[in-house]
Amino acid sequence: MSNNLLDFKIPENYGKGILIIASDTFKSFLREKRFYISFAYYFVLPIFLLFLQSGELVVQTGTGIAIYYAQLNTANFVKGLFLTLFPGQIFLAILCSDQIASGIENDTLSLILSKPTYHSEIVLGKFFGLVSILAILQIPSMSFVYYYNLIRYDAEFPFAFYTSFDEVLVMFILILLLQSIIVALTLMISSIFDRSLYAILSSILSLFIISSISDNQTNLENGINYFNLGDYIDAILPTIFFNLNKLDPEPNIALLLFLILFLISLFLVFTNLILNRKELF
Amino acid sequence: MRDNAIEIKGVSKFVDGKPIVYRVNLEVPKGTLYGLLGPNGAGKSTTIKLLTGRIRPSSGEIRINGMDPWKDRVAVNSMIGYLPQNSIQYQEKTVIDFMVLMGKLIGKNKYDAKKDGRDILDQVGLGRFEDMKIGKLSGGEKQRLGFANALIGDPDILILDEPTASLDPAGRVYVMNLIKSLSEDDSKTVVISSHILPEIRRMTNHVAIMSEGSVLTSGNIHELTKDVYDKEYELRTNKPSDLLNILLNNNYNAYQEKDRIFIDDIHSLDEFWSILPKLCSEKDIEIRSMIPKRDSLETLFLDLVNKRQRQKEEMDK
């Protein structure tokens, strides 16, 4: 056996299991009641938000300034969608956090591991399966945001249509990436526990702790709190799509993406390490 | 001499400082049907989990076709089929979907996984349930499905933890015959754990008797039991009362139950067989059958377990 790390090779047939487990996780969720409860929640939430919004009515004049206000309000809307209403994150935790723990509890993980499957394939498969489910859950909210712009600001069809679509698409990706951090975190917590109830409760508790830490962070020198993802959403959306530097300070999109990907990778690597060393009694 | 499919050398497993399995040595030759026999808590399931790489040994070495199941788990699992003790808990999945998922995990494409899955379901008698949700199956049907899962990919080694545990009598016979039929293929090695002695006797040709985490003896059943005789026999005769009187008069510890006579504590079978015909011919008694009250494997098992118990009690004193 070679000790040279450079000799490391990706095993033959590695990766097939990721797709199989992701697709199985996705299909299994579509059969579960909690998915439909979550779907209803995400569908109803934007309608509630609409009534809670205190955004000013902007009359479409065809000038840049009117569009700017419209987009700014939408950014706030998304922030509200994802961060202000904490129950959404709790739903995420409930959806994701028992994935591995319940597999240990009811021996289904043992069955998957009895086939030639790597732990990392299971972790990545579950992760991508859950992210796909979250993508579906976002569709009602995102559709609502999309039409919200059209209806609320009475924008003329071709122009408002395209700008809104771009914005909604990137909001969709951004929110999905942010939620993926929670998925990865809850998967990690799930791999620590052998009972799904403990995993769910711990995930919810950790979300509360993270939320409270991020809200209490003092702003850094340029005014952005890099620990508070809400600040990013507030600042980024108008900047990246409309080149409007009205919001100070200018956010660092590369840093945001790096932070998101770093956190996701970190949690997934830890999940894999925990699972690798775990004994299934 | 056959190569060994499985080798366990001095393996112990401690949980919270307590030995669950202690210094186990086993050699399972290729192509054998090997039974792990022992009472509940003997360490059979732990040994099975060690073999399948679910848990790591605290000390010792395990080799399956030369590979360590903990370190080379993926490679080892490509050679083995495993039936866990607990039934399958994929409640919402249909039987065929489950088989396709497991088939795909061993590298088959969807079409082949479905085709092979159906063949195996027919083989274990679950063909008509393929579209049923697993949650709706009975305990016995789930057990058969677990068995079907173990057969996917036609693995060289099958490791079955209590394969007949939740089956009804007809299901037990069906599964036992199925396991027995696997012995026709010389390349297949089957390891079965069970606490039901007649089933081990019926299904396997090699056995390891376990108690309190240790292997008391192991090897070919015929070899192990060739010098084992029961001291208790059941006799059937045309004149049970007369035979009972003869035996009691000759200081044998005998008793009658309906038309059968039972004798305890025959220390020398040779002596017994030299006396009995003479005594019977005098009274015109016809001995129709004389069979040991227990199977020789059961006798061996009880002797070893009791001996182990006594040793433990002496050590505790």
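**Close-ups of a predicted two-chain model**

View 1. The buried residues in helix 4 of chain B are Ala113(B), Gly117(B), Ile120(B) and Leu121(B). Their arc around the axis is only 100 degrees, so they sit on the same side of helix 4 of chain B.

**View 2. The largest nonpolar core.** This core has 106 residues, and the ones touching the most other members are Phe127(A), Val183(A) and Leu187(A), along with Met99(B), Ile159(B) and Val191(B). Helix 7 (residues 119–152) of chain A is the top contributor, giving nine residues to this core. There's also a second, separate core of eight residues, and Leu235(B), Ala254(B), Ile261(B) and Ile263(B) are included in it.

**View 3. Zooming in on Ile159(B).** Which residues does Ile159(B) touch, leaving aside those up to four places away in sequence? They are Ile48(B), Leu51(B), Thr52(B), Ile80(B), Tyr82(B) and Val191(B). Val191(B) is also one of the residues that touch the most other members of the largest core.

**View 4. Where chain A meets chain B.** Each chain puts 21 residues into the contact. On the chain A side, helix 1 (16–30) and helix 6 (108–113) each supply at least two residues. Helix 1 of chain A gives the most to that side, with five residues.

**View 5. Ser196(A) and its contacts across the sequence.** Ser196(A) is found in helix 9 (residues 196–216) of chain A. Is Ser196(A) buried or partly exposed? It counts as partly exposed because it has 19 C-beta neighbours inside 10 Å, and buried would take 20 or more. Not counting residues up to four places away in sequence, Ser196(A) touches Asp98(A), Ala101(A), Ser102(A) and Glu105(A). Of these, Ala101(A) is 95 residues from Ser196(A) in sequence, yet their C-alpha atoms are 4.9 Å apart.

**View 6. Chain A by confidence.** Chain A has a mean pLDDT of 70, with 55% of its residues at 70 or more. Among its elements, helix 1 of chain A has the highest mean pLDDT (91), whereas helix 3 (residues 64–84) of chain A has the lowest (51). Over residues 64–72 of chain A, pLDDT stays under 50, and the model has 19 contacts beyond four places in sequence for them. Residues 240–249 of chain A are also below 50, with 22 contacts in the model beyond near neighbours in sequence.

**View 7. Chain B as a whole.** Chain B has eleven helices and 13 strands, and its C-alpha trace spans about 75 × 50 × 40 Å along its principal axes. Of its 317 residues, 38% are buried. Among chain B contacts between residues at least 6 apart in sequence, 67% join residues at least 24 apart.

Note on methods: Residues numbered from 1 in each chain as written. Chains lettered and ligands numbered in written order. Predicted model: local features only at pLDDT ≥ 70, side-chain atom pairs only at ≥ 80, totals over all residues. Core = buried A, V, L, I, M, F, W, Y, C linked by C-beta atoms within 7 Å. Buried ≥ 20, exposed ≤ 12 C-beta atoms within 10 Å, placed from the backbone. Helix = DSSP H or I, 4+ residues; strand = E, 2+ residues; numbered from the N terminus. Contact = placed C-beta atoms within 7 Å. Arc of directions from axis to C-beta. pLDDT = per-residue confidence, 0-100.
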